[in-house]
Amino acid sequence: MSDKTITAKDLKAALPDLSKTFKLKGLDAPIEIYRDRFGVPHVLAQTAHDAFFGQGFVAAQDRLWHMDYDRHNGYGRLAEWMGKSSLEGDKVMRRFQIGATVEDDYHSVDAPTRAMLDAYAAGVNAFIATTDALPIEYTLLDARPEPWQSWDSFAVFKVRHLMMGVFEGKLWRAKLVNHLGPEKAAALLRGHPPGHLVIVPPGGTYPGPVLSGLEELSRNLQSIRWLRDDPDSGSNNWAIHGSRTASGKPFLAGDSHRALDTPNCYYQNHIACEDFDVIGLSFPGVPGFPHFGHNSHVAWCVTHAQADYQDLFIERFSADGTRRYEFRGRWEEAQVLQERIRVKGEPDQELAVTITRHGPIIAGGPGKEFGLALRYTATAFPYRGFECFLPMMKADSVDALNESMRKWVDPGNNLVSADVHGNIAYLHRGQVPIRSISNAWLPVPGWSGDHEWQGSIPFEKQPRLRNPAAGFIVSANNRIPDEKYPYYIALSYAPDYRARRIYERLENLTRASLEDMRSIHGDSLSIPAQVLQKRIAAAEPADEFSARSKSLLAGWNGLMERDAVAPTIYSAFRLKLLHKIIGHLVGPLVDVMFKATGRGAPRHLGELASQIVHQARTGDTSFLPPGTTWNSITAAALQEAVEYLRRRLGDDMDAWRWGAVHQTSPQHPISRLFPGFETLLNPSSLSMGGDGDTPYAAGYSPGRPFNVTLLSVVRYIFDVSDWDNSGWAVPLGVSGHPGSPHYADQAPIWGNLDLIPMRYTRGRVKAEAAVYQVLEPG
């Protein structure tokens, strides 16, 4: 593929016409499109049909290849474009069976939801039919877009959330049990540390107990032995009540943490008609504003709830190699689908996908005695979560908004909202199955019938808040309910470091302003750094460079500032300390944990890191290797960290600035296929402060220190007292075209923790428009 030639001129030629008037079939009335100076489209229509038509049209103008890429990914068809390198990923996606469920999803939703999807698809297809220029990626890949089907939106939404579930964590726990035994594994799986903040109620803490999974880990030991060998995605948000603000009305603010996709996973846009008027963030390829937005009455935003809505069932197949599998003492016949995968430049590949009553087999299968079936709320039943989109866009209060979430399925979210009546609210939304606690820990035997789903947590019983006495609500992926809540939601949550910092910032505010909200976005104080800093202060340095590092850290304020040296030393020290302690605990699995991606080993690494910080604070030595103390292991880890930094950055400690090593690295999905075009396709890197433990979110993988891999893919503040005073910023831009001036024009603004205006009222939208376009009925 590298024989292609493109220039900056070719990138410009691939841009759509954003000002031409188009006459299009199927419109009820003219649609006006105003774009601000950052390219954000405001679609003003008269009917709901035309509003969603316009949303599909502008999404295709800005992100056609992006949404088509997600569609191909969801259907397991990337190898058609990208060749053999994408084949294994396509096989995985075919096994997940997203493509096999979406048409049923479409036909299962109500008529208004189908009409929304149809109008959006019509808008996308109207752009494809009328444009004179297609995104440059189609030229590079010798491809053309296929018509957009109404059900394709389900595929895009599902592929964006499939890997945010917890099934990888259950596989990882099975690996731990197989390698360490249930007793040692149980000692390392302690869950949420006592004393950490919960979401409900605000200011409440989890008193314990520490998780004890020995019984569950031992009970299913025999059934997971076949997994001894390997078989074939955080956020912050908060609301502050008007009683604590200068305006007397609430603020709703936060940021969404994901990997930095290029283009960005979210799309800023605004659609309005007689039925609704909503501005917010969409997924390209999906109508509405499912996660972030506001209308004239209420604003909403989410963080990931870490809820458990994915189970793994071990199926026992007949020894005769047939597709029969056991269930409650009888043999049932599995369904087998034959999938054909087209591979660019290669022969087509055949793949047999086996499906049992518990879901598709994602590993093992007939002929291998056992198989692993994934049961997932988004694919186990017809997906009706899209029926929430229209009611939430029309909601006139936080109560109406929460009620509109009754059919929400996936992902599980902490939904925080604020309305013009002065109310703030919290709701955990999403279907969480009711089943045995064994399902929470490990893959469970599918043949026994003891682990079947028994409905889900009733909507009325979901954790919720309305105008809490504290005067604010905070969620940052931390534990949701306290120990009194009667239903199981999840085993694992994020530690409360980010939540606690936001809580501490909000509790002292009595006349909060938009600037106060903005400053919380940039809060870089690390609670773990403050704990480990004390351990370093008590240790005897091993050499001169260690002594200099200790001295520098002694005067450090714990802020992960990008121009400071101390954050770099602390981060290297923490990695070395974790590797020493966790290496003792898990043996050879330590390298797997430090290099792995996904939500299995990395999630458990984060849990252990939180436990180690807790033990460092309390002086608990139960995780330390024999013969070591906190002082001795701290001194050794600091020495190794300094040696690592000297090898990487040289002996001049003044050059060890955090921002010099802690940077973004945005990469276009196909730039690796065209190595000569990286500078044309990949946006520039940015230096960052913060880390994965601070509200200023900038996490990195231990296997690639300190390259930023998890960050704020959008920051936002909704000012309920004056919607035009709201602001937002994404790390790149609104356009997915590498040749567009809006491909990455928000990057420097976002990098400086600033926001761009989020204009809402028609007068401001029209007065500040940089580009105007009309779509007329044909």
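Select Arg574, Leu578, Ile581 and Ile582 in helix H20, then Leu605, Leu608, Ala609, Ile612 and Val613 in helix H22: these two groups meet. Contact means heavy atoms within 4.5 Å. The model is predicted: local features need pLDDT of at least 70, side-chain atom pairs count only at pLDDT 80 or more, and totals for chains, interfaces and linings use all residues. Residues are numbered from 1 along each chain as its sequence is written, and side-chain values use heavy atoms, with hydrogens and water left out.

Now show H20 (residues 566–586) and H22 (residues 601–618) whole; their axes come within 11 Å and cross at roughly 100°. Axes are lines fitted to C-alpha atoms, for helices over the stretch in contact, and angles run from 0 to 180 degrees between N-to-C directions. H20 is therefore roughly perpendicular to H22 (under 35 degrees counts as roughly parallel, over 145 as roughly antiparallel, 65 to 115 as roughly perpendicular and the rest as oblique). The contact of H20 with H22 has eight nonpolar, no polar and one charged residues. Here Ala, Val, Leu, Ile, Met, Phe, Trp, Tyr, Cys and Pro count as nonpolar, Asp, Glu, Lys and Arg as charged, and the others, Gly among them, as polar. Helices (H or I, at least four residues) and strands (E, at least two) are DSSP runs, numbered from the N terminus.

On a 1 Å grid over the protein atoms alone, a cavity is a set of points where a 1.4 Å probe fits but cannot get out, and lining residues have an atom within 4 Å of a point. Of its 15 lining residues, Val166, Gly169, Arg173, Ser492 and Arg603 lie nearest the centre. The lining divides into five nonpolar, four polar and six charged residues.

Next, select the open sheet of six strands, ordered E13-E14-E15-E16-E10-E19 with mixed pairing. Two strands pair if DSSP finds at least two bridges between them. At the edges are E13 (335–343) and E19 (444–445), each pairing on one side only. H9 (residues 167–180) packs on this sheet, touching E10 (310–316), E15 and E16, and its direction makes about 50° with that of E10. Within the sheet, E15 (residues 359–364) and E16 (residues 370–376) run antiparallel and are joined by three bridges. Isoleucine 361 has alanine 373 in E16 as its bridge partner.

Move to the open sheet of 11 strands, in the order E1-E26-E2-E3-E6-E7-E8-E9-E17-E18-E20, again with mixed pairing. E1 (22–24) and E20 (464–466) are at the edges with a single partner strand each, so one side of each has no neighbour in the sheet. Select E6 (residues 267–272) and E7 (residues 277–282): six bridges join these antiparallel strands. Isoleucine 271 has valine 278 in E7 as its bridge partner.

Conventions: 1 Å grid on protein atoms, 1.4 Å probe; cavity = no way out; pocket = protein on both sides within 12 Å on 5 of 7 lines; lining within 4 Å.
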